[in-house]
Amino acid sequence: PILIRAIHNEQLSDINERIRKSRIKYETRSFEDAIKDAGVACESLLQILYSVYVSKKTAKDLEFYDLQCSLRDVLTEKFGSDIHQDLDFVRTWRNNVVHPGREKPDSAITLKAITKAQLFNALFKKKIVERNIRSSSST
């Protein structure tokens with residue numbers, strides 16, 4: 001896991017950028033695009049976790065729900081059981097905005113989705129990236 005930052009640096013940078021852009025899109029009332037970016041960021045974090053904890057093979061072929069199910073125990077152990085509800089919320093609304101004819105998000109729903117994505121990203125950095133850097137530097 002110490003190699004997470006080195007191996008996934010570009011992907012982590014993209015995740016940070018997507019979350020930043022999702023906030024800007026929210027502020028400009030582009031709610032659907034904000035939720036899409038938040039969803040892609042969460043799915044990318046799940047792909048990294050999958051490559052670290054489940055299989056070294058790429059997780060690009062797996063979708064959000066498949067990744068989340070495969071990582072259920074890891075997510076609970078590392079982030080707590082409430083992370084599943086947060087990810088379900090983001091995934092559900094991301095699906096709503098990418099499939100025509102479904103319910104459209106309002107300001108409150110969009111804010112909740114991007115805030116949950118921001119929280120997942122912050123926890124990922126704290127519990128996965130930083131913890132692994134600290135533990136490797138103490139050895």
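Helix α5 is largely enclosed by the rest of the structure, because 12 of its 16 residues are buried. The model is predicted. The buried positions of α5 are I83, H84, D86, L87, F89, V90, R91, W93, R94, N95, N96 and V97. The length of α5 fits a helix of its residue count. At 1.5 Å a residue, its 16 residues should span 22 Å, and the end C-alpha atoms lie 23 Å apart, which agrees.

This helix belongs to a protein with 6 helices and 0 strands. The order of elements from the N terminus is α-α-α-α-α-α. The protein has 139 residues, and 42% of them count as buried. Among contacts with a separation of 6 or more, 65% join residues 24 or more positions apart.

Helix α2 covers residues 31-53. Its 23 residues should span 33 Å at 1.5 Å a residue, and its end C-alpha atoms are 33 Å apart, so the two values agree. Of these 23 residues, 18 are buried, so α2 is largely enclosed by the rest of the structure.

Helix α2 packs against α5, which runs from residue 83 to residue 98. The two axes come within 9 Å and cross at roughly 130°. Angles of 65 to 115 degrees count as roughly perpendicular, and those over 145 as roughly antiparallel. The α2 and α5 helices are therefore oblique to each other. The crossing of α2 past α5 is left-handed. On the α2 side, the contact is formed by E32, I35, K36, A38, G39, C42, E43 and L46. On the α5 side, the partners are L87, V90, W93, R94, V97 and V98. By class, this contact comprises 9 nonpolar, 1 polar and 4 charged residues.

The α2 residues in the contact are L46, L49 and Y53. They face V74, L75, K78 and F79 of α4. The contact of α2 with α4 has 6 nonpolar residues, no polar ones and 1 charged. L46 of α2 takes part in the contact with α5 and in the contact with α4.

Helices α4 and α5 pack on each other as well. Their axes are 9 Å apart, at an angle of about 120°. This makes α4 oblique to α5. R72, L75, T76 and F79 of α4 meet I83, H84 and L87 of α5. The classes in this contact are 4 nonpolar, 2 polar and 1 charged. L87 of α5 meets α4 and also lies in the contact with α2. L75 and F79 of α4 meet α5 and also contribute to the contact with α2.

Two buried positions illustrate contacts between separate parts of the chain. A34 lies in helix α2. Its relative accessible area is 0%, so A34 is buried. Leaving aside residues up to four places away in sequence, A34 touches S22, K25, Y26, T110 and I114. A34 and R18 are 16 residues apart in sequence, yet their C-alpha atoms are 8.8 Å apart.

With residues up to four places away in sequence excluded, N121 touches I15, N16, I19 and L45. The C-alpha atoms of N121 and A41 are separated by 8.1 Å, although the two residues are 80 apart along the chain.

R29 presents a contrasting case. It sits in the loop between α1 (4-27) and α2. R29 has 60% relative accessibility, so it counts as exposed. Most residues other than glycine have a negative phi. R29 is not a glycine, but its phi is positive, at about 65°.

Terms used
Residues are numbered from 1 along each chain as its sequence is written. This is a predicted model: local features need pLDDT of at least 70, side-chain atom pairs count only at pLDDT 80 or more; totals for chains, interfaces and linings use all residues. Side-chain values use heavy atoms; hydrogens and water are left out. Helices (H or I, at least four residues) and strands (E, at least two) are DSSP runs, numbered from the N terminus. The expected span of a helix is 1.5 Å times one less than its number of residues. Buried means under 20% relative accessible area, exposed over 50%, partly exposed in between (1.4 Å probe, protein chains only). Axes are lines fitted to C-alpha atoms, for helices over the stretch in contact, and angles run from 0 to 180 degrees between N-to-C directions. Angles under 35 degrees count as roughly parallel, over 145 as roughly antiparallel, 65 to 115 as roughly perpendicular and the rest as oblique. A crossing is left-handed if the near helix is turned anticlockwise from the far one by less than a right angle, and right-handed if clockwise. Contact means heavy atoms within 4.5 Å. Ala, Val, Leu, Ile, Met, Phe, Trp, Tyr, Cys and Pro count as nonpolar, Asp, Glu, Lys and Arg as charged, and the others, Gly among them, as polar.
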